[in-house]
Structure formats: structure tokens, C-alpha cells
Amino acid sequence: MSRDAKEVVVVIGSGSIGLAIARRVGAGRTVLLADYSQQAAAGAAERLRGEGYDVTIRVTDVSDHDAVEALAAAAAALGPVTQVVHTAGVSPTQASIERILHVDLLGTAMVLDAFARVVAPGGAGLVIAGMAGHRESPYAPETEQALATTETSQLLALPFLHPDQVGSTVHAYALSKRANSLRVQTAAVAWGKRGARVNAVSPGVIITPLALDELSGPRQEWFEQVRKVSPAGRFGTPDEVADAAAFLLGRQSGFITGADLPMDGGVTAALRAGELTIP
């Protein structure tokens, strides 16, 4: 690695939210864009390069331990890793219970572990969790403790994460997003030992291709009710998530770590107030 190497921003997931964040924080830095799909990563990188960003890509399956470790090593070889943004995930309409648990839950835990070992002092990480993690929580204290502290390699061996116990893809997604928030909280200790911070953002419905799959799926009527009763009265945009991400990754939030910022337009508030029920 050259002494003059630029700072490295790792963005895992080349979807709408990942690209919006890359645009906000990637100027003047090397953007390492990781995605499960070579085609998706290459297309996103081409768009960013056309806008003046320095981008390199790496195909990565976040549910594969060796692939995640290799991604962290590749990032560190490029230069000081000062920002890590994890946006990759699958939705209840797109995937099975097993795939959701492997990608959204285990994958996030492995990313947090791997980059805790390479993030540069003064660096910051961000996990895109989700409103669903607040929708069904809090779980029983022993469940939350297990999600927060179980050794990553043993996470999916927890009895309540057996697919027969989870019951549905919707519940698998909610458990995974709650685990994301809890794992960020505990990972903040390891990241802090390197002089770095890590936080989460829990968006509600953000209009992306993934969200559009959900909005046209079997829960379409419920999502329309969500839009109507939420205090914001609308769904969100990737740029709004990028605004929150830029703050949490930047110096202005230097005293914030291990936190989860809900940004769901007030949907969780509507649930707590009884204006909305879970289907």
C-alpha cells in the first residue's frame, strides 16, 4: 500500500441506497463497491465513474465468511479504510427464511467482525438495518442478549433461529433487522478499540427496486395503509437515507457510536399509538 494511498470507502450493496451514500461520501476517496452480482456492481461503478468517482468493484457474497474476510483484506490493501457502509440484504418477498437469516443476519455480523480488524483509526461504519427491527421488538431479554452477544459462527445455531421456529419470511426479516441493531451496539466496543465508530440506520419504506417488489407483493394493501397513517404521509427516498448516513459517518457525530437511528416517517410511532397493526 502506498503511503500516499487515498482513503477508502467500502460500500457493500450497489442498490439505490448504496449508490446514494457513495455519492455523498465518496468524493476524493477510493470507493470499493461490493455486490453479490458482478453485473450490478459493474453497472453501478460505471455510473459513478461517469460522475467523477474513483471506483473499484469486488464480487462478494456476504453470507460467505471467506468472501467477507477477503473483502476486508482487499479494502485494507487499497488504503486506509475510513468508512464502511453495509447496505446489502434481501427482503421477505425475495427470499426464503434460510436465505434471509444467512444474508441479513449472519452476513451483517460477519461484516462487522471483519472490518473491526481493518478499519482505520478515526474511521466509521454504518449498517442499514430496518424499521422491521423495531416493529416486533423488544423480544424476550434472553433472545435479545443471544442476538447481541452469541459468537458469530454460532449465531444460526440458536434454537429460535431454526427456520421451523421462525415461521415466516416476514418474521425472519424482523429478527434479522433487530439483530443488526443489537450487533452494531456490541460491535461498537471492538471498533472503539481501533479508535473507530459504528452505527446503524433503520429506514422505513424507501422507494428502491427492492421496496417496489414488496409494495407490489402480497402485503400491498398493508403498505398502502402504512403510507396513509404514518405521520410523514409518504415513503422515503435513498437521498434522505444518504443524508443520515453522511452525518453518522462524519465528524459531526464523533460522540455517537453503537446507536441505531430509526427513520421511518413515524411508522413505528403509529404502531405504538395503535393507529397501525402488524398483519
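This is a predicted model: local features need pLDDT of at least 70, side-chain atom pairs count only at pLDDT 80 or more; totals for chains, interfaces and linings use all residues.
Colleague: Which strand gives the most to the lining of the largest cavity?
Modeller: The lining (residues with an atom within 4 Å of a point) is Val84, His86, Val111, Leu112, Gly125, Leu126, Val127 and Trp191. Strand 4 (81–86), helix 4 and strand 5 (119–128) each give two or more of these residues. With three residues, the top contributor is strand 5.

Colleague: Which helix gives the largest share of the lining of the largest pocket?
Modeller: The largest pocket (an open set of points with protein on both sides within 12 Å along at least five of seven lines) has a volume of about 1,000 Å³. Its lining has 46 residues, with Thr87, Gly89, Val90, Gln94 and Leu210 nearest the centre. Helix 1, strand 2, helix 4, helix 5, helix 8 and helix 9 each give two or more residues to this lining. The largest share, six residues, comes from helix 9.

Colleague: How are helix 1 and helix 2 oriented to each other?
Modeller: The axes (lines fitted to C-alpha atoms over the stretch in contact) of helix 1 (residues 16–25) and helix 2 (residues 38–50) come within 11 Å and cross at roughly 30 degrees. The contact (heavy atoms within 4.5 Å) is made by Leu19, Ala22 and Arg23 of helix 1 and Ala44, Arg47 and Leu48 of helix 2. Angles under 35 degrees count as roughly parallel. Helix 1 and helix 2 are therefore roughly parallel.

Colleague: What is the hand of the crossing of helix 6 and helix 8?
Modeller: Helix 6 (residues 141–149) packs on helix 8 (residues 169–192) at about 60 degrees, with the axes 8 Å apart. A crossing takes its hand from how the near helix is turned from the far one, by less than a right angle: anticlockwise is left-handed, clockwise right-handed. For helix 6 and helix 8, the crossing is right-handed.

How values were computed. Residues are numbered from 1 along each chain as its sequence is written. Side-chain values use heavy atoms; hydrogens and water are left out. Axes are lines fitted to C-alpha atoms, for helices over the stretch in contact, and angles run from 0 to 180 degrees between N-to-C directions. Helices (H or I, at least four residues) and strands (E, at least two) are DSSP runs, numbered from the N terminus. Angles under 35 degrees count as roughly parallel, over 145 as roughly antiparallel, 65 to 115 as roughly perpendicular and the rest as oblique. On a 1 Å grid over the protein atoms alone, a cavity is a set of points where a 1.4 Å probe fits but cannot get out, and a pocket is an open set with protein on both sides within 12 Å along at least five of seven lines; lining residues have an atom within 4 Å of a point. Grid points are joined across faces, edges and corners, and a volume is the space filled by probe spheres set on the points.
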